[in-house]
Each structure stands twice: as C-alpha cells, then as structure tokens.
Amino acid sequence: MTDTLLQDMITAAIKAAGFAYIPYSGYAVGAALHATDGTRYTGCNVENAAYPSCICAERTALVKAVSEGRQAFDLLVVATRNGGSPCGSCRQMLYEFAPKLRVVMVDFDGNITADAPLDGLLPLGFGPSSLPPKPNT
Ligand code: ZN
C-alpha cells in the first residue's frame, strides 16, 4: 500500500465527513473503504429522529460497496474531529468481510491517531467461520 493511496483515502474520508447528517449529535464522521480491486467507497454518518435508525459512516461505506459487488477490502480510513474509533457494530459488520482490514483513524487535519488491524480492534471476533456448516437441504 502506497503513501499516496493512504493520503488519498484520508482526504476522501475527511471530505465524506462534510456530508454527514448530524442534527442531533453534531459529531461528523467520514469513512473511506478501499476494495482490493482498487475501487473506493465513502460514507458519512446519517442520523435520524428515531435514534436507533441512525447509521454510521463506516457501515454506509460498507453497504455501498457490498451492494455494488465488492466483498474484499484492505483499508478503511475513518475521520472525525478527534480521531475517534469505529463503534462495535461497525467493527462487527466489517469483520464479516475483512478480519485483517487495516483501520486508520484520523482527525480532520489528517493526523493519524490510530492504525490497527481490525482483528486487533475486535479480538476473538465472530465471523462466518464461527458458524457450523449448514445442514444439507
Ligand atoms: Zn459505527
């Protein structure tokens, strides 16, 4: 992975945060998810008056990617004003597809606050291999 790619992904995540719909928390999050085929998907958090219906930036990017046929990923950049980390739900959703995903957290100035593999952020994660084989139908 090149420094240029990482920098492009950081820029994309920060830009995506600018689209956040956050009337309740005021906490903007942007995400940029890089698929192994070179495509990139961005997302922002989208809040809702019915709070449980909110969706995070990371899952927005993931769902966009999967819905367009991508299921293999190697880099996620998450941008917040304080370099915050992905929530547990996002870690779990991402673990399904990329347990070894590199997760880079940055603030809005592009400073890296953390850089860790997903399986380090979600130790002993539950994934597809955790399930027993399907019974014959
Ligand atoms: Zn989340």
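Visitor: Which residue just after α2 takes a positive phi?
Guide: That's G69, with a phi of about 95 degrees. Helices here are DSSP runs of H or I with at least four residues, strands are E runs of at least two, and both are numbered from the N terminus. Bear in mind that this is a predicted model, where local features need pLDDT of at least 70, side-chain atom pairs count only at pLDDT 80 or more, and totals for chains, interfaces and linings use all residues. Residues are numbered from 1 along each chain as its sequence is written, and side-chain values use heavy atoms, leaving out hydrogens and water.

Visitor: What makes β4 and β5 a pair?
Guide: Two strands pair if DSSP finds at least two bridges between them. Strand β4 (residues 102-106) and strand β5 (residues 112-117) have 5, so they pair, and they run antiparallel.

Visitor: Which residues does E58 touch, leaving aside its neighbours within four places in sequence?
Guide: With contact meaning heavy atoms within 4.5 Å, the list is V29, A31, L76, V78, P86, C87, C90 and L94. E58 itself lies in helix α2.

Visitor: And what covers the buried residues of α2?
Guide: The cover includes β1 (30-35), β2, β3 (73-79) and α3 (88-95). Among those buried residues are E58, L62 and A65.

Methods: Buried means under 20% relative accessible area, exposed over 50%, partly exposed in between (1.4 Å probe, protein chains only).
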